[in-house]
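Subject: Structure handover, two-chain model

Hello,

Here is the structure you are taking over. Please open it first, then read my notes beside it.

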Amino acid sequence: MRNFGRVLVLVGIVVVGAVVLWFAQRTAPATETSLAPILELRTLPETYCPKQAWLIVEGAKSRTVTTDQLVPVADCRRLDLSGYIPERLKTVTVYIKLPSALGFSLTAQQPLAAPLIYSPQLGDVTGDNSIDAADETAVLTKMFLSPADPAANIDQDQTVGALDLAFVRLNQAVGVSRPDNQPWGATND
Amino acid sequence: MTSRRHSTFSDRFLLSFLVILTVLLLAGSAILQRIVFKADQVSTAVFLSPATVNTSTQTEFGSSWRADFSALATVVTVQLELTYDPALLELTQAIPTEQWQTKTFSQTGGELRWVLVPTESEGLSVKVRGIVEFGKLTFKSLGDGLVTLQLSQANTQIAALDPDDGFRPYNAVSSVQNSVVTIGGTLAAGENIQLDQAETTAPVGETVEETTVGGPQRLLSQELMIGPDSVLAFIRLQYASPLKIQFGQTRALGSVVEATSLSRFQVVRLSGLTPGTAYFYQVTVDSPEKTSHLTSRLQSFQTNGVSDGPVVAATSQLALAAGIAKKSVLLYASPRDAAGNTVTSAPLMAKIVSGSASTTPFIDSGGHQQTAITSELAGAQKVRVQVFHQTTLLGERTIAFDPNLAELQPESAASLAPFQPSRTITLALAGIGLLILLLGWLFIRLARAK
């Protein structure tokens, strides 16, 4: 019986481990309740490679901004947030704006645990933090030009074409504003 | 006594080992299947139909902008860039088909640029499959000569959604095919066909032996599935590479279709052909590094006619996109009558007779029908599939599915780069490894306690 109990424990460990692994590789929802030191960017075109992003860190309760600057994007897909979030803040809100993307924000509690995953919405050609008819016009006027206009080349694939137009048409929305409601700074490399 | 205790221990040990091993395998395969096995993106061949036009001076003729989708796809936007000789041709009309509307259009000095989006009633996207027509172009011939309606590979795009990647748009165009217009003259369509040019493999420079694995690129096999107005060419190469097929009614060829994907097994469609007509064709393969250039011999085929049946198994044809695949492969079928003419609207059915796999219903794709065979096992297996028209067995094929199948490719700087697994796969493998270590340790303790 004692051995049978051990076997049950072993099976339990395996099942729990498998469930943890399964959850670990799932795409996390846009906003997490636990903020990781690393933010991973997902569901982006392979050619899209931002070098930097605008990052604002704000205490969720005190509303005090502790970081407001451009930060590097590692390997085109990762932001290391650990150096920008003070440990004393238990709950923080981070605001992020990537090139050609809508701004977004995430509120989370410390301590920071698992990596944070987010899928940015691309298509903000005009840089006004909204994807609308103005962006569509901007892409249409720059299509077929050589060399490609960097601002209108949303997916950074060297040509402004149907793909860029598709991003604008699919992602029409307004992004999250800065906490001070001022315009986002330029994030283009 | 000792013998009984030993026997009890063995039974429990075996039971626990089997239970844990099963759970581990189930969990591991579920995770890896979710991570690794993603459906292939739909690939599309864009072409103008007809592929060849014979006309006289000061005459209007039409040309359709079409695309052949290998599977069901959701299309958001499409764009076309077409060049031609403005001294010989004048574009008089460009009309999108019912589901599409013009977003932008420009025509300057023999350059046509056209962008279409779905009509308001269609919404933001249109679901398409098989051969789809986007628009009709009408040209007027101005003088005698030969003109190529040339599609730009870079600026002819179809933005489709990838359901396996958060519905991210991607360019579905894998090949484009030009169209040739002959004005005021007749080419020698009936000239004698002589297959006297041997296949040649001509390395560019002297570095080919150093930059390839096991010798230069080879054309291992080629098979044609001939229809009335299109032909599917099944090409198997020694190494994965894009390729090009030039074809035409004379030895001068003139039309070209490109397969841009990097694969050993290529399926290329030659479209816009005239029924019952002889064509020449030639395959050329340039390695991605431009270190070798292969030209096949000049060969020929004759398109067949259209028939209402009945379907005869002896003349019907089946062909696989590849005999070995990782997870999924397309099976093509051409039902024919006793005279070898293609029987249109002949319903076909695929039946798996051995192995575990699923099939999609056959769809008509320009005189050929196709179905996707997908393995339902995580491991390797052989699947035998039979194709029926009503109760008539047209033939059967065997497919080897191997999830670990690796493409044999010439060495390059890219292929020599160290393997960099994604963070998720690393995490999953590390987790499984830790579990196995923990289990091993506990088992040793259990055995010692006994």
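Is Lys142(A) buried, partly exposed or exposed? Lys142(A) is partly exposed, at a relative accessible area of 30%. Its side chain meets that of Asp149(A) in a salt bridge, 3.8 Å from N to O. Asp149(A) is partly exposed too, with a relative accessible area of 23%.

Before going further, please note that this is a predicted model.

**The interface**

Start where the chains meet. On chain A, 37 residues are in contact with 49 residues of chain B. Together the two chains bury about 3,700 Å². Carbon and sulfur atoms account for 73% of that area.

Which charged pair crosses from chain A to chain B? Glu136(A) forms a salt bridge with Lys103(B). Their closest N and O atoms are 2.8 Å apart.

Three helices of chain A give two or more residues each to the side that touches chain B. They are H1 (2-24), H2 (133-142) and H3 (162-170). The largest share comes from H1(A), with 13 residues. By class, this side of chain A has 23 nonpolar, 6 polar and 8 charged residues.

**Glu136(A) again**

Apart from Lys103(B), the side chain of Glu136(A) meets Arg169(A) in a salt bridge, at 3.5 Å from N to O. Glu136(A) sits in helix H2 of chain A and Arg169(A) in helix H3, so the pair ties together parts that are 33 residues apart in sequence. Are these two residues buried or exposed? Glu136(A) counts as buried, at 10% relative accessibility. Arg169(A) is buried as well, with a relative accessible area of 12%.

As background, side chains of opposite charge can pair when their charged atoms come close.

**Other salt bridges**

How many salt bridges does the structure hold over all chains? The total is 15. One of them is in chain B, between Arg66(B) and Glu133(B). The closest N and O atoms of that pair are 3.1 Å apart. Arg66(B) lies in strand S3 (residues 60-83) and Glu133(B) in strand S7 (residues 126-141) of chain B, so the pair ties together parts that are 67 residues apart in sequence. Arg66(B) is partly exposed, with a relative accessible area of 26%. In chain A, salt bridges that share partners join Asp68(A), Arg178(A) and Asp180(A) into one network.

**Backbone points to check**

Please look at these spots on screen.

- Ser146(A) to Pro147(A): this peptide bond is cis, with omega near 0 degrees. Pro147(A) lies in the loop between H2 and H3 of chain A.
- Phe144(A): its phi is positive, about 70 degrees, although Phe144(A) is not a glycine. Phe144(A) is also in the loop between H2 and H3 of chain A. Phe144(A) is buried, with a relative accessible area of 10%.
- Asn129(A): here phi is near 65 degrees, a positive value in a residue other than glycine. Asn129(A) lies in the loop between strand S7 (116-118) and strand S8 (130-131) of chain A. Asn129(A) is buried, at a relative accessible area of 7%.
- Ser49(B) to Pro50(B): this peptide bond is cis, with omega near 0 degrees. Pro50(B) is found in the loop between strand S1 (44-49) and strand S2 (52-55) of chain B.

**Chain B**

Chain B has 3 helices and 30 strands. Of its 450 residues, 46% are buried. Take the contacts in chain B between residues at least 6 apart in sequence: 70% of them join residues at least 24 apart.

One open sheet in chain B has 4 strands, in the order S22-S30-S29-S25, with mixed pairing. Which strands are at its edges? They are S22 (324-325) and S25 (348-354), and each pairs on one side only. S25(B) pairs with S29 (residues 381-389) in the antiparallel sense, over 6 bridges. In this pairing, Ile352(B) stands opposite Val385(B) in S29(B).

Best wishes

Technical notes. Residues are numbered from 1 along each chain as its sequence is written. Chains are lettered from A and ligands numbered from 1 in the order in which they are written. This is a predicted model: local features need pLDDT of at least 70, side-chain atom pairs count only at pLDDT 80 or more; totals for chains, interfaces and linings use all residues. Side-chain values use heavy atoms; hydrogens and water are left out. Contact means heavy atoms within 4.5 Å. Buried area is the accessible area (1.4 Å probe) that two parts lose on being put together, summed over both. A salt bridge is a side-chain nitrogen of Lys or Arg within 4 Å of a carboxyl oxygen of Asp or Glu. Ala, Val, Leu, Ile, Met, Phe, Trp, Tyr, Cys and Pro count as nonpolar, Asp, Glu, Lys and Arg as charged, and the others, Gly among them, as polar. Buried means under 20% relative accessible area, exposed over 50%, partly exposed in between (1.4 Å probe, protein chains only). Two strands pair if DSSP finds at least two bridges between them.
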